Amino acid sequence: MTEPAATSVAEELRAIVGDRFVLERDAVLLAYQSDGLPGYHKRPSLAVFPGSRDETIEVVRLLATTGTSFVPRGAGTGLSGGALADDVVLLGLHRLKAVLDVDIARMRATVEPGVVNAALNKRLARHGVFYAPDPSSEAACTIGGNVAENAGGPHCLKYGVTLNHILAATVLLPDGEVMEIGDRDGGMAGYDLLGAFIGSEGCFGVALDITVRLTRRPAAVRTALADFAHVADATRATSAIIASGVVPAALEFMDNGTIRVVEESIFAAGYPIDAAAILLIEVDGSEESSDAEMEVVRSLCMESGARTVRVATNEAERMRLWQGRKKAFGAMGRLAPNLVVQDAVIPRTQLTDILAQIHAIGDSHGLTVCNVFHAGDGNLHPNISYDAGDPDQVERVHDAMSAIMQACITAGGSITGEHGVGLDKLPYMTKLFDEPTLAAMCDLRNAFDPDHRSNPGKVVPVHSCREWLAAPAARAPARRATDAR
Amino acid sequence: MTTSTGTPSLHADSPLAREQAGLDACVHCGFCLQACPTYLALEDESDSPRGRIVLMRALLDGSLPASDPDLRQHIDQCLGCRACETACPSGVPYGHLLEATRATMRGGHAPTFASRILLAVFAHRPLMRFAMAMARLLAATPIPTLLLKLPGRLGFGMAMLASTDFPLERAKYVAHGSGENGSAALLLGCVMEGLFTETNRATERVLRRNDYSMIAAPSQGCCGALHAHAGELGAARRLAKRNIAAFEKSGAQYIVTNSAGCGAMMKEYGHLFSGDAEWSQRASDVASRVRDVSELLAAAGPRSGGVIPFAVAYDAPCHLQHAQRITEAPLTVLRAIPGIELVPLDESDQCCGSAGIYNLLEPETSDAVLERKLDRIEASGAALVATGNPGCLMQIGGGLLRADMRARAVHPVDLLDASYAAD
């Protein structure tokens, strides 16, 4: 089974990173067949985990020399199948976890791509500053992965997404060239290469280091739990708050199904389990402005029909409210063995209508949809728990998710707010963009990765990139460097 | 979409098959990764909770044979610290899954010849007493201190023995109390009674001082925890039955342990006998009476004593923090001691690498995990590290001695006892 050329790639990789960090056998690759969306399983041809910047450069140069395709991976918590390597090399960057520099005077920090989001913030806490984007997987996901996906999170409503918090990066292009993009001092001249790189989902190469913007902790934070008997009241309150001019730090929605799984978990937050929906609303700033804004939020919620609005009275209570929200996705395993989550953005004014449509789609497919999402910016996350052992159910889940995405597109929305396109949302790209637009995206990719070896087959459908059809060699020579046993 | 769940199992009657619901609860979110000491040390997801769960599923559906060396390696490398359980939103009962996997892989036998011998000794009371008496004799000589720097497990074993020497003075006092807080029978434990005999006596004194009456449960023995962790579920049940009978007979209101690992095991006797018509109820009843000593002390106050002037860091035993979910009680005990300055210990909720007999079976990984712990202790500036489990006491204590660090490991109960003696 083993091709001589492939074997030599694996051997050369071992010489660079050591035996323990080149994986080839079936059993040890099982863990890397899925990311955070485990409905998909793709077997890498092999996995390689460099332990330093220099090793990473050597590895990528070797892959370039041998014309081998690869998929970069951080912590594997992505939710679009973006880090799946289908018979190509999986390049794990999780071992590059050094915080290289923290410069409080210039409000920036430089980190390696494998640094975990929450670990960085733990390190920054004593300086009274933080790195703002806070995806719900912050306890596990890496900054490199956040950059690849242009990750969001609850607090991006006020603070902006990853793109707004990256100053510069040292990028290793798929051909092995090292390039500095952006400006650590925040300046900007010429084309915005950094903007193009952030959110490129691993298709434009990998970051060797990333300089992030630090934000000073606000003097005061107020977090409220608003409890609604009707979903429509919660969405109406959302629109009322945004229309009032208050910009909450976060404005999160959870429906009854979500509330129940969270309350059964170790992260139970004291959410009312008889509520049809709750909103978690945070405002921050000075003591005075926070109190004033929270008062506006409270009265708008009550006017919209909230049963109660409870403001956390201490930090422990506030953290508990947040932990429930952040761990909600992981808690869905209580409902059924398998889980699929979507990530669509709609105009906020259509929330009420879309939620009703999602509910109806679930009903007509005999499925329960749990909604937990960033209401403030209209970023939906419908979750469907199901049993993949039942082929009929799998079919219905697939149909329901397509129907939900179509409804969001029809409402003038988009197919991803923060999870990326990856593999999962590839089929929707042609519904959202016309051929010239997709071709333009390919042209941009060609500037970074003309051979399409970095994360092949993701983001833009293959048929839009005509070069791909002409260049089947983009598939890795190392693709059968496996089955050693 | 494809999945490994729902497919027919090759091990339909296996211990792992009975835990299928626990496997199904994992949705692969990855929130457990950073909680896992072996993932942090080894940097491979096959050594993480969700990676091991993928391997368990493969074992169950037959896509990996039980003899697969990679499967064995990664399952054996798990510490069983269960830190993933307090990180898991879906409530995956990882500890049960691990024990069931090990039982399924090897048909109820421990992984190596050495571990089987060791566990057989633990299960045999006269042998255990003899082994512990020998160890005590050795510990009383200068030999362990002289040899503790030897490389490998011999040197580490010596360091562990040397670390059982209590670093403070043990003054005598007679403990008086009203007994009005209820009656308690102490699980003496194999290692606690063997090598930490004085800590057991101190436990009885501090409980009396806090108005518990102490009752003996003479026919008790090993709790079976080490056997269960290694997948020897049959041996664990035999040992558990003996203890269930012994503590029923004692009639004590509480069964108290000062060893977090034993306490976690006894609290799960109900699960160990689930589906067993004869023993299930009896096991659950006994389990519901089990308390860690820190729980009883915190519930009673505890009473204040004399001054113990030390900077103390608390390191949570995994089987207290993650398995029993007890976080505050030991701190309540330490805060009640005048003079103690509680210093924060970063990653105090992470495993020290002891993990029962893991430090003897998987020395390299154990050392890697311990090194991180010692670094954090050094940074804390503590003179004493308090932790309520014999394995952790010797792992951290031995590690400190080998690293020439000045801090020493002590059981929180010993500090409270010293405080009462100084009153």
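1. Domain bounds here come from an automatic or database domain assignment. For chain A, that gives domain 1 (4–95 + 475–480), domain 2 (99–216), domain 3 (220–330) and domain 4 (335–426).

2. A word on ground rules: this is a predicted model, where local features need pLDDT of at least 70, side-chain atom pairs count only at pLDDT 80 or more, and totals for chains, interfaces and linings use all residues. Residues are numbered from 1 along each chain as its sequence is written, while chains are lettered from A and ligands numbered from 1 in the order in which they are written.

3. On confidence, chain A has a mean pLDDT (the predictor's confidence in each residue, from 0 to 100) of 92, and 94% of its residues reach 70 or more. Watch residues 467–485 of chain A, though: pLDDT is below 50 there, yet the stretch has 49 contacts beyond near neighbours in sequence in the model. (Contact: C-beta atoms, placed from the backbone, within 7 Å.) Where pLDDT is low, the predicted coordinates should not be read in detail.

4. The centres of domain 3 and domain 4 of chain A, over C-alpha atoms, are 22 Å apart. Their contact takes 20 residues from domain 3 of chain A and 16 residues from domain 4 of chain A. On the domain 3 side, α8(A) gives the most, with seven residues. (Helices are DSSP runs of H or I, at least four residues; strands are runs of E, at least two; both are numbered from the N terminus.)

5. There's also an open four-stranded sheet in chain A, order β1-β2-β4-β3, with mixed pairing; strands pair if DSSP finds at least two bridges between them. β1 (22–23) and β3 (70–73) of chain A are the edge strands. β3(A) runs parallel to β4 (residues 89–92) of chain A, joined by four bridges.

How values were computed: Contact = placed C-beta atoms within 7 Å.
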